[in-house]
Amino acid sequence: MKKFGVIVSLIVIYFVIYFLQVNFFSWFNIAGVQPNLFVLFVLFIGIFTNEKMGAVCGFIIGLYTDFLFSNSIGISAVLLTFIGHCGEKIVKRFSRDSKLTIILMGTISVAVYELLCVAYKSLFFSASINFLSYIYILAIELLFNMLLIIIFYPLIHRFGLFVESVYSNNKMLTRYF
Amino acid sequence: MYKDNKSGKLGIIITIVILICLVIFTNLDNNIIDKIVNPFTKATMSIQCAYTSVVNKMTKDEAYFSSLESAKVQYEELKKENEKLKDENQKMIAIQAENKTLKEQLGVAENYLSYELVPGYVIQRDFSNYSKVIVINVGKKDGIENNMTVVTDKGLVGYVVSVEDNSSKVQTIVDTASAVSCLISNSEKSMVTRGVLDSNKKIKGTYIDNDVVINEGDTIYSSGIGGIYPKNICIGKIKEIVNTQNKTNRYVYVETAVDFDNLSDIVVLKKQK
């Protein structure tokens, strides 16, 4: 029952994020550059649930995003599946309670996602990408994402721990403490 | 574990302030100082004016208090009149907007007589910073197919890359993956324009013949080569010519005729059968 509640919450959060990404951040931007909330969302699902859940959510969100926006189906699905799958694996080596770890993981994930997306676009659609412009936009995007993680970290962390408690089956036997 | 202490909260508040400042400052025009100073000046001056006026009236005009009742009546009348005028103004604005859209569609219709026109509007833009695909509200049900050209009364927008029942995705000419074969107005030589990553207002024109004389302000039209875009659709005007050491590599920046930041009404060109 709790798992069902978590899934419903994640769907609601996805639509809130979708609204923010498409409407709010189209005008609340830094020098015309928007953050990428979908990557962060999938990453946090991966970190606080498990590899399988992260990958499945990443795939669904990526595919849906491709259907809505992209002119090629699949690239976002593949990349977000990868990010969702790797979230838990990477965080196992570090502490998920460390703000710095979360910020770095968020930033690196967005960087990898955007890098591979642009590489795909230039390889398969012959997109002409000016390297300096790309770096400039990417730097602002990463900064924007970092600021958002810092602001929303307490919220993400609390919700994350709740989700984690639902998904990890380690029941704590309090009577022995 | 995150501790909900004062320094944590302060950090978050500072970050929010920094973020808001960044957003505001990067979206402001060049005359930032004027814009910052103006509200303060306005507020101070309004208070000062009100104060001076009250002082003047109290000291110089003895009839001030006697006419207060009549002023109140007059104020109510004016208020009613103001409400009425506001209503009328709103209606006028709506009519004006409708008139503008109809005029635009009429302009397009005159330019593309051999095509059936399907009017629509932009319902969504790609959130990615590296892609400039738009979604329009017409799709298969309206007879839209892949590779159909999308225009406005000002010029070329792009072409349809994917169609759903009630919507279609359009790759705009400012997208980096988009390439359009064009003609320069003062010669019949062609060049290729491509979108640039950091702008929605300009595109880059390359593969310009060595013997072509180009000037800033020259108009660029679609050449019809490639089979997607019809010939002679306005793309924009040459804004900047960049000469390189090797003349073969010279390129131009073209200011697009269509304002992609404020694009709303579009028309899809459908070949008449």
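Me: Over how many bridges do strand E1 and strand E2 of chain B pair?
Reply: This is a predicted model, in which local features need pLDDT of at least 70, side-chain atom pairs count only at pLDDT 80 or more, and totals for chains, interfaces and linings use all residues. Residues are numbered from 1 along each chain as its sequence is written, while chains are lettered from A and ligands numbered from 1 in the order in which they are written. Helices (H or I, at least four residues) and strands (E, at least two) are DSSP runs, numbered from the N terminus, and two strands pair if DSSP finds at least two bridges between them. Strand E1 (residues 115-125) and strand E2 (residues 133-136) of chain B pair in the antiparallel sense, and the number of bridges is three.

Me: Which residue in E2(B) is the bridge partner of Arg125(B)?
Reply: Strands of a sheet pair through backbone hydrogen bonds, either parallel or antiparallel. In this pair, Gln124(B) has Val135(B) of E2(B) as its bridge partner. For Arg125(B), the partner in E2(B) is Ile134(B).

Me: Over how many bridges does E1(B) pair with strand E12 of chain B?
Reply: Strand E12 covers residues 265-271 of chain B, and its pairing with E1(B) is antiparallel. One bridge there joins Tyr121(B) to Asp265(B) in E12(B). The number of bridges between E1(B) and E12(B) is seven.

Me: In which order do the strands of the barrel with E1 in chain B run?
Reply: The barrel is closed, has six strands and is paired in the antiparallel sense. Its neighbouring strands are turned by 45° against each other on average, direction ignored; angles run from 0 to 180 degrees between N-to-C directions, and axes are lines fitted to C-alpha atoms, for helices over the stretch in contact. The order is E1-E2-E5-E4-E3-E12.

Me: Which residue in E11(B) stands opposite Ile241(B)?
Reply: Chain B also has a closed barrel of six strands with antiparallel pairing, in the order E6-E7-E8-E11-E10-E9. Within it, strand E10 (residues 234-242) and strand E11 (residues 251-256) of chain B pair in the antiparallel sense over six bridges. The residue of E11(B) opposite Ile241(B) is Val252(B).

Me: How far apart are the axes of helix H4 and helix H5 of chain A?
Reply: Two packed helices are described by the angle between their axes and the distance between the axes. H4 (residues 75-91) and H5 (residues 99-124) of chain A pack at an angle of about 155°, which makes H4(A) roughly antiparallel to H5(A) (under 35 degrees is roughly parallel, over 145 roughly antiparallel, 65 to 115 roughly perpendicular and the rest oblique). The distance between the axes is 11 Å.

Me: What is the handedness of the crossing of H5(A) and H6(A)?
Reply: H5(A) and H6(A) pack at an angle of about 150°, with their axes 9 Å apart. A crossing is left-handed if the near helix is turned anticlockwise from the far one by less than a right angle, and right-handed if clockwise. The crossing of H5(A) and H6(A) is right-handed.

Me: How many nonpolar residues has the contact of H5(A) with H6(A)?
Reply: Residues are in contact if their C-beta atoms, placed from the backbone, lie within 7 Å; among those in this contact are Ile102(A) of H5(A) and Leu138(A) of H6(A). Ala, Val, Leu, Ile, Met, Phe, Trp, Tyr, Cys and Pro count as nonpolar, Asp, Glu, Lys and Arg as charged, and the others, Gly among them, as polar. The contact has three polar and three charged residues, and the number of nonpolar ones is twelve.

Me: Which helix supplies the largest share of the side of chain A that touches chain B?
Reply: 34 residues of chain A are in contact with 29 residues of chain B. Helix H1 (2-27), H5 and helix H6 (131-167) of chain A each supply at least two residues of that side. The largest share, eleven residues, comes from H6(A).

Conventions
Two residues are in contact if their C-beta atoms, placed from the backbone, lie within 7 Å.
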